[in-house]
Amino acid sequence: EIQIYSEIFGNISFSTLYIGGGTPSLLNMRQLNFLFESICKYLNFEHKKQVVFEGVSDFLSYDKLAYLKEMGLNRLTLGVQTMDRGVLKKVNRHQNNAEFFRCYHDARKAGIHCINVDIMLGLPGQTLNNLWETFKEVIKVKPDMIHCHPFYPAEFTALQDKDHKQIDKMVRFAQEVLKKYGYQGTAYDAEALTADAVNFQLSDAIEHNSSYLGVGVAAVSHATGYLRTGNTNDIKYYFSQLQNNKLAVTKGIQLSQKDEMIYYVTANLRYGKISKKGFRILFGKELNEVFAEEITLLKKIFRLKEENGDLISLMANYDEYAIYSKIFFDQEIFNEFLSETRRQ
C-alpha cells in the first residue's frame, strides 16, 4: 500500500510518522526493519518533527526499542490502562505489570525522548481506590505525559448502561491527582510534565487542519479541502486488493470548505476551546459570522461562552459534547434544539 501511494506522495515531505495500535509491537526485528525500510524507501520524511510508536510493554525488548530510536523515534506510547489485576481479568487483558516498568526503563536507556502512558477511566470493576493505586505506580517513573481516556461504551453493547456519573467523577479525580504531581493540561492532548511533550501529530491535525495519509486495514486519510477516505476493515479484502496492485479504499467523501470549518470547530470544541483567530487564519472568515446561529444557541443554553477572543466550552462531559456538537452539521438536530429552547 505504501508503495502504491508513493506514486502520489513520493515528493511530499511528511512531518510526522505515527505507527499506532500497539499491534506493531508483535513484529520481530526482521519485520520491523522491513517496515521502516519500506517507509523510508517510498515516502519522504526528510523534515520530520516526530516519530511516534504505540507499544505493548510485554513485546518491546531493549533491542527493539534501541532500533526504534535509531529510526528516529522520539515519542513512545505505552498502553497500561490499569494495573489492578481484578480489573485486568474482567476486561480480559493479558498484561504483565512488571514488564511495563522493565520496558519503561529500557526505553529511557535507549534514549527515547518522550514517553506517554495511557490509562483508562471507568473500566468494569474499576473504583477510585484501585485507580489511585494505578496512578501511584505509574507516577513513580514520571512519564512525560499521562493520557486518561474515559471509558464510554458504544451504544448497543453489553456495557452501554454504565454509570457515566461515576466515570465523570473518575475524570475529575484523575485531573486532581495529576495536577498534584506536577502534570499540566495541554491544548489538544494529555497532561504533561513539560511543554515540550506536545503531540505534534494530534495538534497539527486539529489546530492547522493538516492533511494526513493513513495506511493499513480501516485506516482513514484526510486531504485538506478535497476529500476524506477510509480503507476496508475486512482484512481478507484488504490483502486481495493489494495483491492486485489496487488500493483498499472503500469509502470516501468530497469535502467543501464548510465541511472543513465544521471539522475544525467540533474537533476544537471537544478539547474545550475554539480559537476565533485560528479560524480566521485558516479560512479567512469570522467564526461568529459563519456559525452565528449555532453559537447563539449554545450560549443561550449555557454550553458556550466567549472569553479573551476564544469560544470556551461549558459542556460537562463527553456525552454532552457528542450531543451538542451535532448541531453544527445536522440541520434537523439544530432545529430540534432551537424549538426546545423557544418552548422553555
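Helix 10 gives the most residues, seven, to the lining of the second largest pocket, where helices are DSSP runs of H or I with at least four residues and strands are runs of E with at least two, numbered from the N terminus. This is a predicted model, in which local features need pLDDT of at least 70 and side-chain atom pairs count only at pLDDT 80 or more, while totals for chains, interfaces and linings use all residues. Residues are numbered from 1 along each chain as its sequence is written, and side-chain values use heavy atoms, with hydrogens and water left out.

The second largest pocket holds about 440 Å³ of space, and among its 19 lining residues Arg228, Ile262, Tyr263, Thr266 and Phe329 are the closest to its centre. Helix 10 (257-270) and helix 14 (318-324) are the elements that give two or more residues to this lining.

Asn44 is placed in the loop between helix 2 (29-42) and strand 2 (50-55), and is buried, with a relative accessible area of 17%, where buried means under 20%, exposed over 50% and partly exposed in between, for a 1.4 Å probe and protein chains only. A polar atom of the Asn44 side chain lies 2.9 Å from the backbone nitrogen of Glu46.

How values were computed. On a 1 Å grid over the protein atoms alone, a cavity is a set of points where a 1.4 Å probe fits but cannot get out, and a pocket is an open set with protein on both sides within 12 Å along at least five of seven lines; lining residues have an atom within 4 Å of a point. Grid points are joined across faces, edges and corners, and a volume is the space filled by probe spheres set on the points. A polar contact is a pair of N or O atoms within 3.5 Å; within protein, one must be able to donate a hydrogen and the other to accept it, and residues adjacent in sequence count only if both atoms are side-chain atoms.
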